[in-house]
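Here is a friendly walk through one protein model. Take a look at the structure first, then read on.

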Amino acid sequence: MKAVGFTHYLPVEDANAFLDLEIDKPEPKRRDILVNVKAVAVNPVDVKVRAPKDKVEETPRIIGYDASGVVEAVGSDATLFKPGDEVYYAGDITRSGTNAEFHLVDERIVGHKPASLSHAEAAALPLTTITAYEAFFDRLRIDRDGADEGQSILIIGAGGGVGSIGIQLAKQAGLTVIATASRPETSDWVKLLGANHVVNHREDMVAQVRDLGFRHIDHIAIFNDMGHWDAAVELIRPQGGIVGIDDTGLPMPMAGMKMKAASFHWEFMFARSMHQTPDMIEQHRLLSCVAKKIDEGKIKTTLSRVLSPINAANIREAHRLIETG
């Protein structure tokens, strides 16, 4: 089967950063399903995994996480899907990736693809959707069905992939969304997705939020680096919660959090599959839940650009585009 991989961790400008490969087609066992991949997405995590370093793979490494496709075969213990089902998912960072013609994935982290979306539109969603969903509803314990209607959430980095789906999930849960954006086109985008207010994260966020009439914010999601930590601590309400997703070497003073009895959570959407947690199937359930909302017209895809076909040249170009921001 066809695949795209690499042996050396090279700068994206290098023509050998990705290679077109022919490898053996895998067979599903136990709870794995074999997916005929129709579309993949490229996210910042792909770029981080491929980042240049002094390491050489003995056999080509295949990465890639987001995918949409059709079930080709199922393992002996698989019960959630059958051949012919259309699926979408974000994969498992500890296993061979989705940049391949056929891909093995545990059915418990796979959802039924939204019927109203193309494979490209569906592939753009899983990783960012799982991250935002788990950040809000698992980590911050916001009620997804509206019991916390009227509460406020500040989404820092709202114009990115995670923020774009996060705005929509927060609105569906009945929250008042304050989104950050620094460019006119990003500001327009987050408003289109449903943000109630927009503030510029390159200016004094605390002052801007206070000018909107909010002394404190019930929930804060930091969907970029932790450079806005001090502002988040100042704005979070007593006993509120902040969630972050990005690795950081920046200082995160906790004295202000302690005085407010506020909580901080890390979200890492690969944690369930990486550690084979007993609740892995929650990712299947949440992807299916979001698919239903998409087909009802309540949530839209965050697809930006399509490159076709899936080959080394286009994967390299997608990585280059991500690296440019």
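## Around Phe223

Leaving aside residues up to four places away in sequence, Phe223 touches Ala132, Ala135, Phe136, Ile155, Ile156, Gly157, Val162, Gly163 and Ile245; contact here means heavy atoms within 4.5 Å. You'll find Phe223 in the loop between β12 (217-222) and α7 (229-235). Those labels come from DSSP runs numbered from the N terminus, with helices being H or I runs of at least four residues and strands being E runs of at least two.

Is Phe223 buried or exposed? Phe223 has a relative accessible area of 9%, so it counts as buried. The cut-offs are under 20% relative accessible area for buried, over 50% for exposed, and partly exposed in between, using a 1.4 Å probe and protein chains only. Phe223 and Val243 sit 20 residues apart in sequence, and their C-alpha atoms are 8.4 Å apart in space.

## How to read the model

This is a predicted model, in which local features need pLDDT of at least 70 and side-chain atom pairs count only at pLDDT 80 or more, while totals for chains, interfaces and linings use all residues. Residues are numbered from 1 along each chain as its sequence is written, and side-chain values use heavy atoms, with hydrogens and water left out.

## Helix α3 and its charged links

After α3 comes Arg141, with a positive phi near 60°.

Now for the charges. Side chains of opposite charge can pair when their charged atoms come close. A salt bridge here is a side-chain nitrogen of Lys or Arg within 4 Å of a carboxyl oxygen of Asp or Glu. Searching the whole structure turns up 22 salt bridges. One of them joins Glu267 and Arg139, whose closest N and O atoms are 2.9 Å apart. That pair links distant parts of the chain, 128 residues apart: Glu267 is in the loop between β14 (263-266) and α9 (271-274), and Arg139 is in helix α3. Glu267 counts as buried at 3% relative accessibility, while Arg139 is partly exposed at 23%. Salt bridges with shared partners join Glu134, Asp138, Arg139, Glu267, Arg272 and Asp279 into one network.

Arg108 and Asp106 meet through their side chains in a salt bridge (2.7 Å, N to O), and both residues are buried. Lys55 and Glu57 also form a salt bridge, at 3.7 Å from N to O. In that pair, Lys55 is partly exposed at 42% relative accessibility, whereas Glu57 counts as buried at 19%.

Not counting residues up to four places away in sequence, Lys293 touches Gln172, Lys298 and Ile299.

## Where α4 meets α5

The axes of helix α4 (residues 161-172) and helix α5 (residues 184-193) come within 9 Å and cross at roughly 30°. The contact is made by Ser164, Ile167 and Gln168 of α4 with Trp189, Val190 and Leu193 of α5.

Note on methods: Axes fitted to C-alpha atoms, helices over the stretch in contact; angles between N-to-C directions.
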